[in-house]
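Subject: Structure handover

Hello,

Please find the structure below, followed by notes on what was found in it.

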Amino acid sequence: MAANSHINPRARRKKEIVNVDSLFNDLKSGQVSALSRAITLVESTASGDSAFAKAIIKQALPESGKSFRLGITGVPGVGKSTFIEAIGKELIQLGKKVAVLAIDPSSNISRGSILGDKTRMEELVKSDQAFIRPSPAGTTLGGVARKTREAIILCEAAGYDFIIVETVGVGQSETAVHSMTDFFLLLKLAGAGDDLQGIKRGIMEMADAIIINKADGENQTAAKHARREFKNAVHLMPQKDHGWPTQVLTCSGLNNIGITEVIEEIDNYKTHTTDNLSFTKKRNAQELYWFHQTIEDAIKTNFYNRPEVISKLAVLEQEVLSKKKSPFDAAGELLGL
């Protein structure tokens, strides 16, 4: 047995010896409880869980990378959960095991999840071929949970071959989700102010597909009009490195209209990017991005945790506020420590 297979119980709150090998074997065999427990510990900020997290990720890495990773974003109210449930059920019918990592907005008071995605995907959650993990976004970049990427690795090791990462659709969360998924899907809503004029150009440039949701009933005409507008707009965007033109489709997640067409476009994208080798190239670029991002985060954390920085920071903040020093001079002084 590996030397790191057992974690000292004194390093954790629970009075037990945690067997990493046993937990990983349970996870790999598809036990949902083991996967949930592993993600909980990887997400934990408790110092005693750090060694456990590193050990479980180390064992999971060789088993990862075999899934297709779909990123989904859109403003609150666009119908992300309903759409995800519809596409998840369709994928399961096609023989896929689907994991949904839903990043919820967080309460400023409790830091707890507000929207509760799991309760809003009532049918999908009942399937033994689906795993839904709602996580509060907390204060991390753009609402993306700090350990989402590690959760993807664990889900892949557990045998899930289609991973959906949902973002809250606010702030810079789109950039983070785009940097850990293969296909980036932007959900839009016609006739409710969520139109072309309200979209940041950068988000459209990242999208591999723009889906006009809730295209049913009286909203069908508005959805068709929105699709024409978006199709005209994407033609003006610069071509992506992988050469895939952004697709614009309409659908209704609630009534399961157009979901099959969305999946077909995702399959076409995978074929296109696999054939021109850009799929692997993008995955490799993401690996290096997270490598360097982790270094930057560690440097920042270590800097602010230094005793001399802690003792001087508040003093310099007051000097900046009282105009005794410029922000740049104060920062230079702090960095000089």
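What is the handedness of the crossing of H2 and H6? The crossing of H2 and H6 is right-handed; a crossing counts as right-handed if the near helix is turned clockwise from the far one by less than a right angle, and as left-handed if anticlockwise.

Some conventions first. This is a predicted model, in which local features need pLDDT of at least 70 and side-chain atom pairs count only at pLDDT 80 or more, while totals for chains, interfaces and linings use all residues. Residues are numbered from 1 along each chain as its sequence is written, and side-chain values use heavy atoms, with hydrogens and water left out.

The chain has 13 helices and nine strands, taken as DSSP runs numbered from the N terminus (helices H or I, at least four residues; strands E, at least two). Of its 337 residues, 45% count as buried, meaning under 20% relative accessible area with a 1.4 Å probe, protein chains only (exposed is over 50%, partly exposed in between). Among contacts (heavy atoms within 4.5 Å) between residues at least 6 apart in sequence, 73% join residues at least 24 apart.

Helix H2 (residues 32-43) and helix H6 (residues 148-157) have axes that come within 10 Å and cross at roughly 160°. Axes are lines fitted to C-alpha atoms over the stretch in contact, and angles run from 0 to 180 degrees between N-to-C directions. H2 is therefore roughly antiparallel to H6 (over 145 degrees; under 35 is roughly parallel, 65 to 115 roughly perpendicular, the rest oblique). On the H2 side, Leu35, Ala38, Ile39 and Val42 meet Glu150, Ala151, Leu154 and Cys155 of H6. By class, this contact has seven nonpolar residues, no polar and one charged (Ala, Val, Leu, Ile, Met, Phe, Trp, Tyr, Cys and Pro are nonpolar; Asp, Glu, Lys and Arg charged; the others, Gly among them, polar).

For helix H1 (residues 20-28) and helix H3 (residues 50-60), the axes come within 10 Å and cross at roughly 50°, so the two are oblique to each other. Their crossing is right-handed. Val20, Asp21, Leu23 and Phe24 in H1 meet Phe52, Ala55, Ile56, Gln59 and Ala60 in H3. That contact comprises seven nonpolar residues, one polar and one charged.

Arginine 133 lies in strand E5 (residues 130-136) and is buried, at 14% relative accessible area. Its side chain makes a polar contact with the side chain of glutamate 43 at 3.2 Å (N or O atoms within 3.5 Å; within protein, one able to donate a hydrogen and the other to accept it, and residues adjacent in sequence counting only if both atoms are side-chain atoms). Leaving aside residues up to four places away in sequence, arginine 133 touches Ser36, Ile39, Thr40, Glu43, Val100, Leu101 and Ala102.

Regards
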